[in-house]
Amino acid sequence: MTNCFLVPEEKLKEAAKKIFLEKGFDGTTTRDIAQEAGMNGALLNYYFRSKEKLFSLVFNELFELNFRGMLQIMNQPISLKEKIISLIDHDFQIFKCNPGLVTFLQNELHRNPDRFLDAIPLEKGRLTSVFGKQLQEAINAGEVRPITIPHVLQLIAANVQFIFQSKVMATRLWKMTDAEYDQFVADHQQIVKDMICNYLFIPQAVS
């Protein structure tokens with residue numbers, strides 16, 4: 001759906017998402033958002049009252065988008081290895097569709113850590129209950145090296161997020177076109193899946 005078919009409230013929210021991802025909270029003005037939406041600034045105040053309230057809506061949607069996908073994967077009736085691979089694919093897809101999301105979330109974590117600390121505990125139990133039991137069973141069976149859920153999730157995040165953060169550096173340093181960079185990301189996605197799975201899963205003897 002293109003912006004011209006959105007109701008004013010949604011049109012402003014889409015414009016705010018685009019500008020916040022590009023400039024962050026501090027670098028964005030209500031005038032920026034109104035101009036991006038092609039609307040009068042008074043409408044922004046009418047619908048959302050303040051930049052902070054609009055930012056909270058955008059942040060919550062982006063936060064939920066990420067965690068909703070993780071939750072669905074972790075609760076699927078599939079093997080642990082399939083879940084690890086799916087979580088990696090999920091993160092790559094989220095950040096490919098929202099290129100500024102990594103920087104946006106990290107900047108917000110530094111600017112307003114309480115927003116994260118308030119949101120994460122709500123999702124923590126939902127994310128880890130089924131996955132945690134499955135991980136522990138695999139560890140007990142000698143299929144996976146001893147590791148905690150935070151370490152697993154950190155392995156994924158660290159190996160996925162930096163490639164999107166470093167796009168400008170990588171494309172300029174290695175003189176990549178956009179198409180070449182997209183292929184570089186696809187290749188790296190497979191490397192990350194192979195690397196993390198090879199580390200986590202213990203080769204089983206063939207009987």
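Rings of Phe, Tyr and Trp (its six-membered ring) pair up if their centres lie within 6.5 Å; planes under 30 degrees apart make a stacked pair, over 60 an edge-to-face one, and the rest are tilted. Going by that, the whole structure holds twelve aromatic pairs. This is a predicted model, where local features need pLDDT of at least 70, side-chain atom pairs count only at pLDDT 80 or more, and totals for chains, interfaces and linings use all residues. Residues are numbered from 1 along each chain as its sequence is written, and side-chain values use heavy atoms, with hydrogens and water left out.

**View A. Y46 meets Y47 edge-to-face.** The ring centres of Y46 and Y47 sit 5.1 Å apart with planes at 80°, so this pair is edge-to-face. Y46 has 55% relative accessibility, so it counts as exposed, while Y47, at 29%, is partly exposed (buried is under 20% relative accessible area, exposed over 50%, partly exposed in between; 1.4 Å probe, protein chains only).

**View B. F95 and F164 make a tilted pair.** Here the ring centres are 5.9 Å apart and the planes at 50°. The pair ties together distant parts of the chain, with F95 in helix α5 (residues 80-97) and F164 in helix α8 (residues 149-165), 69 residues apart. Helices are DSSP runs (H or I, at least four residues), numbered from the N terminus. F95 is buried at 3% relative accessibility, and F164 is buried too, at 10%.

**View C. Six Phe rings gather in one aromatic cluster.** The members are F20, F25, F55, F59, F63 and F104.

Terms used: Helices (H or I, at least four residues) and strands (E, at least two) are DSSP runs, numbered from the N terminus.
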